[in-house]
Amino acid sequence: MPLPSLLAQVAGAENPATFFTPGKGVLAASLFVVAALVIGSILWARSGGRVRIRRIAGLDAVDEAVGRATEMGRPMLFVPGIQDMDNIQTVAGITVLSRVARTAAEYDAEIEVPCTRSLVMTSAREAVHAAYLGAGRSDSYNPDRIYYVSDEQFAYVAYAGGLMVRRKPAACFYFGCFFAESLILAENGNSVGAIQIAGTAETSQLPFFVASCDYTLLGEEFFAASAYLSGEPDQLGTLLAQDIVKAIVWVLAVLLALAATVAALTHSESLSGLVDAVRAAMGGG
């Protein structure tokens, strides 16, 4: 079709092509506000502004767990979940592994990392190697302790359970995405008397970790771990911006609920119309 005819058809269409979807202005404005808050918070943190993160007991206990393994002369086990690197929980788990490995290098403790995916194995090796280099103990790094086992969920769990019984690790770390295998792993660790620290965003598995582990990072605590452990301004600033956005959403939700309640009690049509307009603009129908 000739270009002029095509342009004429587009111009005469009921819904001509636009850069933005009509009715999504509030979402676009929200996006700009969030972006501005993130950039502003990062700049604030970089300039030396204090960003306070509440204490997370599970991460503070890492040194205790590594020290216990060193004193007992027993290894540590780190399980980075059972999903691949395209899962954000696996990425967060590798970040925690880097900190645990650095502490293990400083204490000269042995750490073992069985993996369910080859790419996770490669990422774990890089993280642990970098941690040992940072601690000045590159000669102690052993890549053979970070290895691939199986993509099959329960084949991997069977191996990990047998490994715990044979080697009796003094500390077990479970950070990543877990499913039905969570309780099997944690109960095996309990049976050998290991101190156990877990973190996951899978709400269906959190009760099992809470019941069977010494420390558990719940949901967002897990994703805040990298900022908590590293103290890098960019990560701290991003975390601060997220909290500000949450506070804004909570305030708006409370105000909208109060307005809807007052409108229902006073039968105010104008206030009801305002509430409906706000809900529609926010995508609430």
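Reply: We may begin with a cysteine: at 0% relative accessibility, C172 counts as buried. The model is a predicted one.

Me: How many disulfides does the structure hold?

Reply: A disulfide requires two cysteine sulfur atoms within 2.5 Å. For C172, the nearest cysteine sulfur is that of C213, 8.6 Å away, and C172 is in no disulfide. For the structure, the number of disulfides is zero.

Me: Is C177 buried or exposed?

Reply: Buried means under 20% relative accessible area. C177 has 0% relative accessibility, and therefore counts as buried.

Me: How many helices and strands does the chain have, and what percentage of its residues count as buried?

Reply: The chain has 13 helices and six strands. Of its 285 residues, the share that counts as buried is 38%.

Me: Among contacts between residues at least 6 apart in sequence, what percentage join residues at least 24 apart?

Reply: Contact here means heavy atoms within 4.5 Å. Among contacts in the chain between residues at least 6 apart in sequence, the share joining residues at least 24 apart is 68%.

Me: Where on helix 8 do its buried residues lie, seen down the axis?

Reply: Helix 8 spans residues 182-191, and its buried residues are S182, L185, A186, N188 and G189. Seen down the axis of helix 8, these buried residues fall within an arc of 160 degrees, so what they line is one face of the helix.

Me: Which residue with a positive phi follows helix 8?

Reply: Helix 8 covers residues 182-191. The residue that follows the helix has a phi near 75 degrees, and is G193.

Me: Is D108 buried or exposed, and what is its phi?

Reply: D108 lies in the loop between helix 5 (88-107) and strand 2 (111-115). At 51% relative accessibility, D108 counts as exposed. Most residues other than glycine have a negative phi. D108, a residue other than glycine, has a positive phi near 60 degrees.

Me: Where is K168 found, and what is its phi?

Reply: K168 is found in the loop between helix 7 and strand 4. Its relative accessibility is 42%, so K168 counts as partly exposed. Although K168 is not a glycine, its phi is positive, at about 50 degrees.

Me: Which helix supplies the largest share of the lining of the largest cavity?

Reply: A search of the whole structure finds one cavity of 30 Å³ or more, and the largest cavity has a volume of about 40 Å³. Its lining consists of P75, M76, L77, E112, L163, M164, R167 and P169, which by class are six nonpolar, no polar and two charged residues. Strand 1 and helix 7 each supply at least two residues of this lining. The largest share, three residues, comes from helix 7.

Me: Which helix gives the largest share of the lining of the largest pocket?

Reply: The largest pocket holds about 450 Å³ of space. Of its 19 lining residues, I53, E220, A224, L239 and D243 lie nearest its centre. The elements giving two or more residues to the lining are helix 10 (220-223), helix 11 (225-230) and helix 12 (233-266). The largest share, eight residues, comes from helix 12.

Me: Which residues does S41 touch, not counting residues up to four places away in sequence?

Reply: S41 lies in helix 2 (residues 25-46). At 5% relative accessibility, S41 counts as buried. Not counting residues up to four places away in sequence, S41 touches G237, L240, A241 and I244.

Me: How many Å separate the C-alpha atoms of S123 and I94?

Reply: S123 is in helix 6 (residues 118-134). Not counting residues up to four places away in sequence, S123 touches M85 and I94. S123 and I94 are 29 residues apart along the chain, and their C-alpha atoms are separated by 7.4 Å.

Definitions and conventions: Residues numbered from 1 in each chain as written. Predicted model: local features only at pLDDT ≥ 70, side-chain atom pairs only at ≥ 80, totals over all residues. Heavy atoms only, no water. Buried < 20%, exposed > 50% of the residue type's maximum accessible area, 1.4 Å probe, protein only. Helix = DSSP H or I, 4+ residues; strand = E, 2+ residues; numbered from the N terminus. Arc of directions from axis to C-beta. 1 Å grid on protein atoms, 1.4 Å probe; cavity = no way out; pocket = protein on both sides within 12 Å on 5 of 7 lines; lining within 4 Å. Points joined across faces, edges and corners; volume = space filled by probe spheres on them. Nonpolar A, V, L, I, M, F, W, Y, C, P; charged D, E, K, R; others polar.
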